[in-house]
Amino acid sequence: MKTRRDFIKISTAGAGATALGFSALGAKGFSFFESDKQGPVSDEDLTPYPTYCEVCFWKCAGWTYVDKKGEIRKIIGNNDDPHCNGRLCPRGTGGVGMYYDEDRLKTPLIRETKADGTQYYRKASWDEALDLVAEKMDKLRKEHGPECLALFSHGSGGKMLTHLVKAFGTPNITAPSFAQCRGPREVAFTATFGEDVMSPERTDIRDTKCLVLIGSHIGENMHNGQIQEMSHAIENKATIITVDPRFSTAASHSKYWLPIKPATDIALLLAWIHVIINEELYDKDYIEKYAFGFDELKEHVKNNTPEWAYGITTIEPHIIRATAREMAAAAPSTLVHPGRHVTWYGDDTQRSRAIAILNALLGSWGRRGGFYNPEKVHLPTFPHPPYPKPTRSWKDAYPDNKYNLVTEVLSTGICDATIPNADLNCHLRGWIVYGTNLMASLPDQRKTLEAINNLDFLVVIDTMPMDITGYADVVLPECTYLERYDFVRTSPHREPALALRMPAVQPKYDSKPNWWIAKNLASRLGLEAYFKWDKIEDVIDWQLKQVGSSLEEMQRIGVKKFKREYDDLFWLEGLPDFEFNTNTGKIELYSTELANEEFDPIPKYTHHPEPEQGYYRLNYGRAPMHTFSRTSNNHNLWDLMDENSVWINPKVADLWEIKNNQYIWLKNQDGVVSSFPVKARVTERIRWDSVYMVHGFGHTNKKLTRAYGKGGSDSELVTRVVMDPIMGGTGMRGNFVTFILENPAKENKEDKA
Amino acid sequence: MRYAMAIDTLKCVGCGDCVVACQTENNVPHGYCRDWIVENVNGTYPSLDLEFRSERCNHCDNAPCVRCCPTGASHIEKGGIVVVTHDECIGCGACIQSCPYDARYQHPDGYVDKCTFCMHRVEKGQNPACVDVCPTECLHFGDLDDPNSKVSLALKNRTHKVLAPEAGTKPQLYFLT
Amino acid sequence: MKEELFVSGRNIPNIDPYLNIWHWEIPLYLFLGGLAAGLIFFAAYFVVRGKEKEMPATVKWAPMIAPIALIVGLSALFLDLSHKLYFWQLYTTIRFSSPMSWGAWTLLLITPLSMIWVASYMRDMFPKWDWKFKFLYKFEAWVISVRKPFAWVMMILALILGVYTGILLSAFNARPLWNTSILGPLFLVSGFSTGLAAAIWMSKDKNERKVLSRIDLIFIGVELFLIIHLFMGFMAGTAVATEAAALFLGGQFTISFWVFVVLLGLIFPATLETIELWGYHVPKWMPPALILFGGLMFRFVMVEAGQITRFLY
């Protein structure tokens, strides 16, 4: 029988003293700043261990410095690492706070129900917890088939679990990074150039002469390499053009800031394309040699004049022309940045297409200062039997063959496939969630909860008690990246490089590394054949030896750079013959692929809903010191920013009589009210038709003693999601909020009285 | 020798990396910081100007904190670095009152603490931790008496300003504009 | 619109959002220091003038408060130190540029001297007093024999102490409210006026009270003049000075300063004293109590408000 999952606030669940073994473990293990360790320690008295950062997806390599007492003191970037060049970002530097966080998950927990129906977590041993997970997985496999299991995973630690569930026999492995983030861009660039943008982005910001940012707030999104390269670009006096309704950090560093009306970006892009084509500013040789569909494009944009765009975007025509000419003047070293989080309005693939087309016209794809050709070291996988062939997948939830262009599994698709519906022959019944807080990373929490309530079991593997953790049946505490080995990092870059992560200290509390969890689950599921090794070190050493290195060498140097196989970093310089991986073998300004699927082959501007009177568009973004909702309890980073605020234009604030720093509540168009009050930041940096919040605050799990209740959660206010019909991206910028000045909880109480 | 720092406001994105790096390097207790970021917004939408400044002790040439210290705990070290000797500090707070930059604070252990330009690193020829970590490389540190030091070159090639020059403290933190 | 934010989330205890490093201890200490300076100064003054007999309360009785005030004040100062075990470092060096340093040394001198002063009058005041040891009688005799030069020394030390209570604050150029040279004389005059008030309160002699009241009125007049001068200076000053003055002219300290310090602590008691001098009956405790209250209030307001004022950049 399915029971509704009550959210258990791990330690404060009030489910009786026995419920939580935390009191015993709550002893202060936090001795980092005790007075006997005052003051700095010189580097000679510290031992460095190589690692690569896991606080965000950029994965910069660095060194963890451990003092003579075995305490982690600091993390410093590895000078040889192309991702960071020896300079970690604030989150990487503050990674120590992840290790020392006294709120960490400390022991496996199992959900139990008391006689009176209340639910609580019981502290369990690893054997007990793993036995239970294996039992549930085995039951699922026998009764419904292994395809009814899904894995949500984020971060490098997920690879081992991915291996486990593939061996188990399910194809439903997903990360919110596609449908909630960069999916539209990858699909659009693949449709245009036959290749995607990848991560880290293959953008040559370092050498660019003109950088165009459309809603991309580099500097606030702390993608380390991009920040560093933008700084080089500023040093080199590159022209920066920033399109953003908010005066972002990047906008303040730009020559041109285009304060665009939200949701009108495609109009601006089409006008730019119009100017570049009509003033014949495009790269004629490049287009002639490589492009397909130029005439169709020219015809398509003939009416998209700057004057037309002015009425839509509020950007003055002469500015549109001037910026288009600046771009053309610097071409091909002009980079119209594809952005990263691009799921905004549901036509995001088309907007990304317009960006790709603009880059094509400027000839920046494959040229210096545009997009380079990244290369990575190919590490062979450790030998294992072939994975079983799954017979069904999440896509069966959509019987009409939707999403043919989707290149990765949609996390929201997993949700859809979990909620029973008549069309489904098997809905998903078990989830393993690794390292992602689905309550904050997926839009429309109500739907996520509905899916969760339909599960047979939910296993959460994490280091911290996040919001999602409270819904789990079994919680498995993982040790942090500073306490474990993971697979060697091999990611595409200008120069291929490998980076090692090794433990600097033993795991704190009763936490275990992901590989240990996966291996021990495998042995309980009869999948030993896929894990024919004792320790992950054996696998890493074997892999490294295949490419001429070894674990011993990597432990010494941390990062090893390799020579590029081909000297083709800017492979289209000099306009050589080249066949693109598209239907036509050319850069498709007119997309045959989209046309085949009956989508617009060339992007069109469509009007999006606008806020009603008294409502403001909810824009959200990032702060350089936090990674989504993952870091808000990290003491070092919490010190930098302990809550977010809602940015309100002074004119709007005047109208509402909202004062700076006043705590207010937000209510969205569907009547959802923020759980916690949010501080108002009355600032000129935001347009009067929208408000802005940094994502990742307003945690509901009380076990996060620092982050609980601090700030507002934009995720809970994103209840209207516009699906991108091309690739299933979840457009989240179509939500509107209004302000509540009095505590709504109080009002409700009065109503009841 | 005269150590100084130049901060490039055209590059700084206000990420706060300098603050965390200082915290871990110098074991600064949580809730305190020796350096910090100021965000300054001027103007009316859409005619705006935004400046980020990574600030810390200015290691003033004419340091009021050194002048008013009753015990000599606050003193000037080689290269003009203003330092507090913890065991001589009585925690009277006079230096905190005297600093126009609010760069000092009372350490939970009682003594007054502040930025040391990472003297323990500088002595060995390293940069302060904040300088070495900055992703935008907007911090330049060095000896003003050496015309080829990074800071000298930065000041030579760029326009710059100091904070509250009217306080007469002759601060040695220069902000490139 | 101009806004300034600490993005790094700076929220250091007692520093942010505005400075509040000195709490009740320092204003109390400044008040007691000023009070003791006033008591000692006038006791010594009337000894120098040879008016010991006419002014018994001022010369003998009131100075008994001085060492108590100084010890309580010093205790408050000690309580304010955050690194208390190292307080002795104060007396390992003399730093002339630091008012705190020479204040500490002045206190080290004037506190025992004020005790000796009181002790030298003990047998005058309490005829049955017995010093028990012979050398103490010898010492007493010596002190009495050098009483006039002793009084001169005490007058000078009292002046230094009185001025010091103001200069301690005015030496901080980072706090625009304090950074004015008027603060030294102002605190001196205010301290002396509280000393006079204490003496008036303790005096049972009508003539002595009359003399003291007249002097006190002059001091109150000077104090009011200096306060007006202070604000004229601020208003004519730079942005930081006018901002400092604004705290008192419509800002958060307007009432506490103008009503409690100026009106209740200066003008009202001065009026009462004048009425009393004209021969009307006024409750004896009232004018001195108000003056003492005003003096205490004044120091609290100045210390609290001064910490808020800062340079703008």
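**Domains, chain contacts and helices in a predicted model**

In chain A, 18 residues of domain 1 are in contact with 23 residues of domain 2, contact meaning that C-beta atoms, placed from the backbone, lie within 7 Å. By class, the side of domain 1 of chain A that touches domain 2 of chain A has eight nonpolar, six polar and four charged residues. Here Ala, Val, Leu, Ile, Met, Phe, Trp, Tyr, Cys and Pro count as nonpolar, Asp, Glu, Lys and Arg as charged, and the others, Gly among them, as polar.

This is a predicted model, in which local features need pLDDT of at least 70 and side-chain atom pairs count only at pLDDT 80 or more, while totals for chains, interfaces and linings use all residues. Residues are numbered from 1 along each chain as its sequence is written, and chains are lettered from A and ligands numbered from 1 in the order in which they are written.

The domain assignment of chain A gives domain 1 as 197-373 + 578-596 and domain 2 as 616-752; such bounds come from an automatic or database assignment. The C-alpha centres of these two domains of chain A lie 30 Å apart.

I remain with chain A for helix α15, residues 411-418. Seven of its eight residues are buried, so α15(A) is largely enclosed by the rest of the structure. A residue is buried if 20 or more other C-beta atoms, placed from the backbone, lie within 10 Å of its own. Helices (H or I, at least four residues) and strands (E, at least two) are DSSP runs, numbered from the N terminus. The buried residues of α15(A) are Ser411(A), Thr412(A), Gly413(A), Ile414(A), Cys415(A), Ala417(A) and Thr418(A). Their cover includes β6 (149-153), β7 (173-174), α6 (176-193), α17 (445-453) and β26 (730-731) of chain A.

Next, the contact between chains. In chain B, 33 residues are in contact with 39 residues of chain A. On the chain B side, α1 (17-26), β2 (36-44) and β3 (47-55) each give two or more residues. The largest share, eight residues, comes from α1(B). That side of chain B divides into 16 nonpolar, 12 polar and five charged residues.

Finally, chain C. Helices α11 (residues 254-277) and α12 (residues 286-308) of chain C pack at an angle of about 155°, with their axes 8 Å apart. Axes are lines fitted to C-alpha atoms, for helices over the stretch in contact, and angles run from 0 to 180 degrees between N-to-C directions. The angle makes α11(C) roughly antiparallel to α12(C), a term for angles over 145 degrees.

Key: Parallel < 35°, antiparallel > 145°, perpendicular 65-115°, else oblique. Contact = placed C-beta atoms within 7 Å. Buried ≥ 20, exposed ≤ 12 C-beta atoms within 10 Å, placed from the backbone.
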